[in-house]
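Hi,

Here's the structure I promised to pass on.

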Amino acid sequence: MKRLINLIVNNKAYEIAVAPNRTLTQILREDLNLLGTKEGCGIGDCGACTVILNGRPVNSCLVLAVQANGCNIQTIEGVADGNNLHPIQEAFVEYGAIQCGFCTPGMVLSAKSLLEKNPKPTEMEIREAISGNLCRCTGYQKIVEAIQAASKKMKKK
Amino acid sequence: MLLLPRFDYEEPKDLSEACKILAGLKGNGKIIAGGTDLLVNMKKGLVSPSCLVSIGRIPGLSEIEPQNSSIFIGSNLIVAKLTEFALIRKRYPMLYEAASVLGSPLIRNRATIGGNIVTARPAADLPPPLIAMGAKIKLKNKRGEREIELEKFFKGPGETIIKQDEILTGIILDEPPMFSGGSYIKLGHRKALEIAIVAVASFITLDKPDGIIVDAKVILSSVAPKAIHAVSAEKTLIGEKPTNKLIEKAANLASGDCTPIDDIRGSAEYRCAMVEVLTKRTLTAALKQAKKSR
């Protein structure tokens, strides 16, 4: 039986009827048409489905939509301010941290959560923070450099 | 895309309602907390409960409550919080160490301490330090509540003594004794999203900073159907003055205490050799801590 749930996604309130067996990834992509969140492995290994749920980055493929009832969610679509990219997104572009782009939304959201908690992370802390996000183009070095650059950029503001 | 089979979903507001629902389901229901293990198994078709009962909205199950000479950790507390509370880091550093190597940062934000226990995976990260520190757990059903030692909870891979109508509500950890220390080391091929090849948790208590070992627990993980005691290593340590030689002897005995299997992650022979190395390292770290503690 479907249930009515309330979500706040990227500061916008939604009321949606969902079946219990649908994941948060499915609801975001199929019902809200927010296609930035990707589904890779579907079992919590790859991090392509990363969203920020009540302030914490999680694998949305392992969250039931009904479990997220009443929660505040940020997806990659909510990171930029209109047409102005977030400093992390700018740094990803600048440093060539994007190749195929499939891991990018998850990487950006994991990096954003890190920098909000720890504005000046060490290289090890950055690698640890993105350790649940796999990049199969293996562009990790550039991703780490981009996050370091974003950290500096955000400090100046 | 991996799809979940159909199921009903219940979200009880308190424990007694949850117990009633679970009892009514007569074994066809499953508790869902973080879901990082259960939903994976359901997607793979390994389990298909007709109803999931969420404990996510039950007050008190997602907190750490310090009590007189112990702490109560609610079963629905996420693993990330075990790495964030200063109390855990300071008083139970071994639990902090194990929590910070579980899964990935994303998994730790959903996976719960209770889930890491009830799933009874032989390579689970939290049970070894919890067993080494003598943790007890609380199980509740419609008729009442029981408290048992965590180490008596496990039967084998995926198997525990929990009854189909019982809910794990929390973990009780006594305050560590004076002059005690513990250490947990997990060996994996990589640092995140890894299942241990071998893991060892050691916890020792001295009678005074330069005294003899009055209690020793060496728990070996991923080398038997469940986490086990290195019995002969523990026996060797107790009653002795800690020296490097003694630690080496205990470590050597520990490698004979386990019964690992060959699998994709490592051979039995390699695992035995690593048990010796990790036992030595964890005992050395535990001793250093014990000498400093209070």
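Below is what turned up in chain B, going from the domains to the strands.

First, some housekeeping: this is a predicted model, where local features need pLDDT of at least 70, side-chain atom pairs count only at pLDDT 80 or more, and totals for chains, interfaces and linings use all residues. Residues are numbered from 1 along each chain as its sequence is written, while chains are lettered from A and ligands numbered from 1 in the order in which they are written.

Chain B splits into domain 1 (8-53), domain 2 (64-174) and domain 3 (180-292); the bounds come from an automatic or database domain assignment. Between domain 1 and domain 2 of chain B, the C-alpha centres are 19 Å apart. Their contact involves 13 residues of domain 1 and 17 residues of domain 2, where contact means C-beta atoms, placed from the backbone, within 7 Å. On the domain 1 side, helix H1 (residues 15-25) of chain B gives the most, with six residues. Helices (H or I, at least four residues) and strands (E, at least two) are DSSP runs, numbered from the N terminus.

Now the sheet. Chain B has an open one of five antiparallel strands, in the order E4-E5-E10-E6-E7; two strands pair if DSSP finds at least two bridges between them. Strand E4 (64-66) and strand E7 (145-149) of chain B sit at the edges, each pairing on one side only. Strand E6 (residues 136-140) of chain B joins E7(B) through five bridges, and B:Lys140 has B:Glu145 as its bridge partner.

Cheers

Definitions and conventions
Contact = placed C-beta atoms within 7 Å.
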